[in-house]
Amino acid sequence: MKTLSIDIETFSDVQLPKTGVYRYCESPNFEILLFAYSIDNGPIQVVDLACGEEIPEDIIAALEDNNVIKWAFNASFERICLSRFLGYPSGDYLSPESWRCSMIWAATMGLPLSLEGVGAVLGLEKQKLTEGKDLIKYFCQPCAATKSNGGRTRNRPFHAPDKWEAFKRYNIRDVETEMGIQQKLHKFPVPDSVWEEYHIDQEINDRGVRLDMELVHQAIEMDSRSREELTTAMKNITDLENPNSVQQMKQWLSENGVETDSLDKKAVAELLKDAPEKLANVLTLRQQLAKSSVRKYQAMEENGLRRWSCSWYVPVLRSQSHRSLLWS
């Protein structure tokens, strides 16, 4: 075995777009549902883990063998999720050294950063199936409990056997599409230096960044106190129930002789040029409230109790010297 092309389908009650793959697979409810693979560009097999099937021992061994090159589209997702599946502790992951990412390959060619987009541009015979989004929503995310579904919060394969079979076909097709990308681009190989940079980036991601959680908590607390004080001051001047409401504030300004269609940063700065003292005080307080943003601290508090990582690596295609890491 020299190469292994992989695609997985997973479940977690953590929202991947909001947290990233590390926090996503640290959920106790995380599991891999389907594992599709091809050995050395041979026939594609799918392992139905959700229904009790097991990944063959030689494939498990290959995942940990740096002599076997593993391919996937956005390979960091497969690598991190499979690390969790194999029982690696949080903070310890499969080495990225033997992993290759077809999304990175597409990026070096100026192609879209989605499997669907790359397949369309390259005109692949077997492109990503469009029904996949609905199937992912059905099987890979929690569902709302209703009377019609018996109050369940998750859809299992036996709840919709026909959909599950379609999901397995979708899993296989993703591997077919990924392999098609490799075949189309084989004349334009990724330079070794780019793969080296990609692996370094993955190691940085895996290591994460240490956080001073006391600082994070105190920053959020300070922001809360500041917002409360500023809001109270605005209420004392305007007598508004909610001075943070754009509608209420615009109405109050109108009643005091100032008309505006917007209260964004630029509009408030323009109004301050000619506003009388009372209105200027209110607008200044609003400006101060707008400056008080702790969303990153809140994200750190929610998702980074153990780690906080950067985004995946994407080479910027200008020149060899202009490659860079894009950080979230």
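Predicted model: local features only at pLDDT ≥ 70, side-chain atom pairs only at ≥ 80, totals over all residues.
**View 1. Helix H7 crossing helix H8.** Helix H7, which spans residues 132-139, and helix H8, which spans residues 161-184, have axes that come within 10 Å and cross at roughly 120°. The two helices, H7 and H8, are therefore oblique to each other, and H7 passes H8 in a left-handed crossing. On the H7 side the contact involves Gly132, Leu135, Ile136, Tyr138 and Phe139, which meet Lys163, Trp164, Ala166, Phe167 and Tyr170 in H8. Sorted by class, the residues in this contact of H7 with H8 are eight nonpolar, one polar and one charged.

View 2. The buried residues of H7 are Gly132, Leu135, Tyr138 and Phe139. Because they cover an arc of only 125° around the axis, they lie on the same side of H7. An α-helix has 3.6 residues a turn, so residues three or four places apart point the same way. The buried residues of H7 pack against strand S1 (3-11), strand S2 (31-39) and H8, whereas the face of H7 turned away from its buried side carries the exposed residues Lys133, Asp134 and Lys137.

**View 3. Helix H4 packed with helix H9.** Helix H4, comprising residues 75-85, packs with helix H9, comprising residues 192-207, at an angle of about 45°, and their axes are 12 Å apart. This angle makes H4 oblique to H9, and the crossing of H4 and H9 is right-handed. Ala75, Ser76, Arg79 and Ile80 are the residues of H4 that meet Tyr198, Gln202 and Asp206 in H9. By class, the contact of H4 with H9 consists of three nonpolar, two polar and two charged residues.

**View 4. Helix H10 packed with helix H13.** Helix H10, formed by residues 213-238, and helix H13, formed by residues 277-291, pack at an angle of about 160°, with 10 Å between their axes. Angles over 145 degrees count as roughly antiparallel, and H10 and H13 are therefore roughly antiparallel to each other. The crossing of H10 and H13 is left-handed. From H10 the contact draws on Arg227, Leu230, Thr231, Ala233, Met234, Ile237 and Thr238, and from H13 on Lys278, Asn281, Val282, Leu285, Arg286, Gln288 and Leu289. By class, the contact of H10 with H13 has seven nonpolar residues together with four polar and three charged residues.

Definitions and conventions: Residues numbered from 1 in each chain as written. Heavy atoms only, no water. Axes fitted to C-alpha atoms, helices over the stretch in contact; angles between N-to-C directions. Helix = DSSP H or I, 4+ residues; strand = E, 2+ residues; numbered from the N terminus. Parallel < 35°, antiparallel > 145°, perpendicular 65-115°, else oblique. Left-handed = near helix turned anticlockwise from the far one by under 90°. Contact = heavy atoms within 4.5 Å. Nonpolar A, V, L, I, M, F, W, Y, C, P; charged D, E, K, R; others polar. Buried < 20%, exposed > 50% of the residue type's maximum accessible area, 1.4 Å probe, protein only. Arc of directions from axis to C-beta.
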